[in-house]
Amino acid sequence: MSFRGLRDANPLDTSVLVLQDRHRSHLVDTEQFQEVLHPRQQMRAFLGMWRMDPRIRPYVIRSGFYGIYHLGHVIIDWPLITSLVERWRPETHTFHLPVGEMTITLQDVAILLGLRIDGPAVTGTSVLDVAGLCVELLGVIPPDEALRGAAISIRWLCQQLSTPAPDADDVALQRSASGFILALMGSFLFADKKGVHVHLCFLSLLRDFTHTASYSWGGAVLAHTYRELCRASLDRRRGISGCITLIQLWSWERLHVGRPDFGRQAAYPAPPFPHAVRDDDADIVDGDVAEGVADVLPVQQGVQPEGEPEPALPLGCRWRVPLTRVHNPSGVLLLYRDQLDAQTVDQSWLTSFPIFA
């Protein structure tokens with residue numbers, strides 16, 4: 001599709017882009033759409049409430065979600081996310097840029113998040129026996145105040161299952177691992193606008209962690225992200241949910257706009273791609289320009305069992321090092337709009353990630 005930039009947001013050809021009258025870009029020049037999308041992800045809060053017990057680590061690895069846990073909380077640059085949403089077209093499921101159309105692909109999900117993109121689709125029913133399912137897989141019946149329909153409170157999961165007893169048997173540890181993975185999904189992969197509840201339909205897929213790992217979770221996350229991008233781009237929406245970290249990591253890898261520079265090496269001893277979180281938990285909002293290196297603190301890790309191979313970590317973990325934005329200002333929506341309008345081919349990484357044997 002031909003694109004003239006947000007200064008003249010109307011498409012040249014409206015035969016495909018039929019939703020322009022409802023699209024966010026149509027209102028960019030009005031005062032009401034100068035603010036950024038402002039919802040906050042809850043991954044940081046979840047990691048603060050639930051430090052993974054080393055005894056459930058093997059179950060998390062077996063399920064295929066250890067890379068997501070290791071990636072942890074990435075500070076969200078909301079002006080960057082907002083500027084990308086303004087260029088997302090629900091008619092084509094692509095970002096419309098001066099260099100052409102770009103989109104997040106299954107390969108991006110597999111490489112950046114380490115999720116499987118083949119295997120059975122993540123499907124099921126939303127009509128659930130909530131009490132029976134929770135007793136079977138979590139070992140406890142949630143009270144009414146912990147439920148919102150068929151969704152369960154992530155905070156309640158943390159309170160009930162984050163600290164297994166010292167003498168917990170395998171069944172108890174598996175239930176704790178199921179609660180951990182379920183909360184991880186609700187805080188990171190399938191977050192709603194508040195990120196405080198997660199649907200219990202995912203719990204039924206955690207009966208056998210080996211079988212859980214065979215599902216195409218990457219496909220489900222990508223489909224969910226597409227849907228949330230489409231919703232946020234239309235009808236004057238003020239917020240966006242879904243896997244926002246995927247959008248930001250994709251942008252950092254593919255575009256030059258808002259990309260931090262890798263700063264000095266970490267001052268603390270850590271393996272490659274340390275799991276770290278910023279000390280102040282402050283997502284970047286409009287006008288908050290970060291200059292210098294973000295402070296990070298290592299998060300307590302589980303002990304690697306003797307003889308158990310360390311799982312491969314996703315490429316997104318390379319952004320879990322101290323970052324500097326001295327050479328690339330961040331947090332300014334108008335600046336990002338102008339930079340995306342001026343995007344050139346040599347500033348975009350359009351090819352696939354290299355595949356290593």
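Author: Let us begin with contacts, a contact being a pair of heavy atoms within 4.5 Å. Among contacts in the chain between residues at least 6 apart in sequence, 81% join residues at least 24 apart. The model is a predicted one, in which local features need pLDDT of at least 70 and side-chain atom pairs count only at pLDDT 80 or more, while totals for chains, interfaces and linings use all residues. Residues are numbered from 1 along each chain as its sequence is written, and side-chain values use heavy atoms, with hydrogens and water left out.

Reader: How many helices and strands are there in the chain?

Author: Helices (H or I, at least four residues) and strands (E, at least two) are DSSP runs, numbered from the N terminus. The chain has twelve helices and ten strands.

Reader: What percentage of the residues in the chain is buried?

Author: Burial is judged by relative accessible area: under 20% is buried, over 50% is exposed, and values in between are partly exposed (1.4 Å probe, protein chains only). Of the 357 residues in the chain, buried residues make up 50%.

Reader: Which residues touch the most other members of the largest nonpolar core?

Author: A nonpolar core is a set of buried Ala, Val, Leu, Ile, Met, Phe, Trp, Tyr and Cys residues joined through side-chain atoms within 4.5 Å. The largest one here has 86 residues, and Phe46, Leu113, Leu157, Met185, Leu189 and Ile240 touch the most other members. Helix H8 supplies the largest share of this core, ten residues. As for phenylalanine 46, its contacts, not counting residues up to four places away in sequence, are Ile154, Cys158, Phe180, Ala183, Leu184 and Ser187.

Reader: At what angle do helices H7 and H8 pack?

Author: Axes are lines fitted to C-alpha atoms, for helices over the stretch in contact, and angles run from 0 to 180 degrees between N-to-C directions. H7 (residues 154-161) and H8 (residues 170-189) pack at about 155°, and their axes are 10 Å apart. Angles under 35 degrees count as roughly parallel, over 145 as roughly antiparallel, 65 to 115 as roughly perpendicular and the rest as oblique. H7 and H8 are therefore roughly antiparallel to each other. On the H7 side the contact is made by Ile154, Leu157 and Leu161, and on the H8 side by Arg175, Ser176, Gly179, Leu182, Ala183, Gly186 and Ser187.

Reader: How do the residues of the contact of H7 with H8 divide by class?

Author: Ala, Val, Leu, Ile, Met, Phe, Trp, Tyr, Cys and Pro count as nonpolar, Asp, Glu, Lys and Arg as charged, and the others, Gly among them, as polar. The contact of H7 with H8 has five nonpolar, four polar and one charged.

Reader: In which sense, left-handed or right-handed, does H4 cross H12?

Author: A crossing is left-handed if the near helix is turned anticlockwise from the far one by less than a right angle, and right-handed if clockwise. H4 passes H12 in a right-handed crossing, whereas H7 passes H8 in a left-handed one. H4 (residues 78-85) packs against H12 (residues 333-341) at about 45°, with axes 9 Å apart, which makes H4 oblique to H12. Pro79, Leu80, Thr82, Ser83 and Leu84 of H4 meet Leu333, Tyr336 and Leu340 of H12. This contact has six nonpolar, two polar and no charged residues.

Reader: How are H4 and H11 oriented to each other?

Author: The axes of H4 and H11 cross at roughly 85° and come within 10 Å; the two helices are therefore roughly perpendicular to each other. Trp78, Leu80, Ile81 and Leu84 in H4 meet Ile244, Ile247, Gln248, Ser251 and Trp252 in H11. By class, these residues divide into seven nonpolar, two polar and no charged.

Reader: Where is histidine 93 found, and what is its phi?

Author: Histidine 93 is in the loop between strand E1 (88-89) and strand E2 (94-97). Its phi is near 55°, a positive value in a residue other than glycine. Histidine 93 is partly exposed, with a relative accessible area of 33%. Aspartate 235, also not a glycine, has a positive phi of about 60°, and lies in the loop between helix H10 (217-232) and helix H11 (244-254).
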